[in-house]
Amino acid sequence: TVSVLYWGERRETTMAGYITNDQNGWTVVSKKIILPQGSRRLRHLQSILVRNMDHKGKLLTTYCKLFKGDEVDGEELFKTETVEGTLNPMWGELPEVMKDGRNVNDVRETAFTVVVCEENDEEVMRCTVNFKMIELVAQAVGELAYINDPCVFFEFHDGVFISTSPDKLDLSAISSPSLHQDYESCSLEVDYSLKDTREPSDQTVPQSIADIKYSVTRMVALAYALQASEENVTSLQSTISSILEKQEVHRAKCIEKEHRQSHIMDLRLKIEATRERLKQKQTELIKKREATARESASVSQAVERIREKQESQKEAHDQKLELKNNMVMAEMQIQSRKQQLVASLRAIFPIEIKKGTDTWTICGMQLSSGTAQALDDEAATALGYVAHCIQLLSKIWGVPLRYPVYPIASRSYIHEQVLETIKPELYPLFCARGSDKQKYNKATILLDRNLRQLLQVRGLGMLKPKHMLHNLNHLFDSNPDINSYDEDD
């Protein structure tokens, strides 16, 4: 006999066997090796299985992470591929190289934490396992019995083991296979023929003819008796079989009759209960009909009141609509009148620019750009016209000016109210000889601010370069259809 011990590749079945040789040929006998309780390592693990994940009946797409140790913040060793659409995932292709660079054969730890996560990295369940303290539940995955609780299984080459302790999981439905069960052996060219080693007897006993005849006659009689007994046995067997069949048929008919009778009794009870329920429902329907009739009368009255209220509301709505239309017409007339007034004001104070120059005039009075105006009555008169136009436009459009003006032709003023307790100070819009030029410059600035205020109210901006008459002309241009109104209208 030659004994041979051999193993498979990574995560394959670990085998051991021996070869025997005798006169019938060579025979190879192989068996699976059952690992001792404390010798299992991560390299022996073939797959991880999860059963009965509780997630409100929703199918999940999950993956598995393995951490070193039984602590929450242990080092992550590897992460499996995702399994789609199941509450009972199985990860069979486990990585050969860990995240820390070690090969699976170099991992000596036995305590791990298994975390199952969804594809969005949300944790579904976790458990801790120690390969030195796990329990065998089946020899193969297909032999796992149904378990109600969620749990994690670990498949090794010698069986499927569970990580949950027996006091937390009912293992009565799982039949644990024998640890010493032999597996089927294989043979090579085994000769099962046996040689007859019995030697013939050397002594012969002489017999007489009479003894031979007597023996023959006795054997024939025994043969006939044996044949008759066999026939009797056959007939008795057939008779017993037919009787047993009839008894089985009769028993089946009796059972069926009892079932039918019990079913009939159940149906009668159900019919009686249904009749009682129908009577109760009929009484309830009569009461509901009376209540419905009363509610219908009240509803009819309510509908009548609602109809009257709707008619009154419709009349009020028509009056409101008519009043609104009148207000719209009045507003349109007011706007039309404002446009006419603005057109008339533009005709009274015409603003022009001299051809080929940047000089602007109002009513023929020249006004240069900037705040430093000419020291003459022409510039003062032009500023007075501008102040008068701004005051009239603010009254037409209903816009209170920030800096009130007092247009008096070439001797116009504008004042600024700094505080309510301080008397407002007047600033002249003319620059006579010997007068304060700083007040004159500030007066033109305040007047320009009033013009800018009107432009902002009309949704316009200041034009560049900034010229007071140019901006005032731009303000007049904002009046719609200004050319369609005649002064006589």
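Author: This is a predicted model. The side chains of K439 and E425 form a salt bridge, 3.6 Å from N to O.
Reader: Where do K439 and E425 sit in the chain?
Author: K439 is in helix α3 and E425 is in strand β19 (residues 425-428). The two are 14 residues apart, and the pair links distant parts of the chain.
Reader: How many salt bridges does the structure hold?
Author: The structure holds 14. Some share partners: K68, E75, R102 and E109 are joined into one network.
Reader: What are the distances for K68?
Author: K68 meets E75 at 3.1 Å, N to O, and K68 meets E109 at 4.0 Å. K68 lies in strand β5 and E109 in the loop between β8 and β9, so this pair ties together parts that are 41 residues apart in sequence.
Reader: Switching to helices. How do α2 and α3 pack?
Author: Their axes are 11 Å apart, at an angle of about 30°. Angles under 35 degrees count as roughly parallel, so α2 and α3 are roughly parallel to each other. Their crossing is left-handed.
Reader: And α4, how many of its residues are buried?
Author: In α4 (residues 468-477), 7 of the 10 residues are buried, including M468, L472 and F476.
Reader: Last one. Which residues make the nonpolar surface patch?
Author: I212, V216, V220 and Y224 make a patch of about 380 Å². Y224 is in helix α1 and counts as exposed, at 58% relative accessibility.

Terms used
Residues numbered from 1 in each chain as written. Predicted model: local features only at pLDDT ≥ 70, side-chain atom pairs only at ≥ 80, totals over all residues. Heavy atoms only, no water. Patch = residues over 30% accessible without salt bridge, like charges linked within 9 Å, V, L, I, M, F, W, Y side chains within 5 Å. Areas by Shrake-Rupley, 256 points an atom, 1.4 Å probe, with all protein chains shown as cover. Helix = DSSP H or I, 4+ residues; strand = E, 2+ residues; numbered from the N terminus. Buried < 20%, exposed > 50% of the residue type's maximum accessible area, 1.4 Å probe, protein only. Axes fitted to C-alpha atoms, helices over the stretch in contact; angles between N-to-C directions. Parallel < 35°, antiparallel > 145°, perpendicular 65-115°, else oblique. Left-handed = near helix turned anticlockwise from the far one by under 90°.
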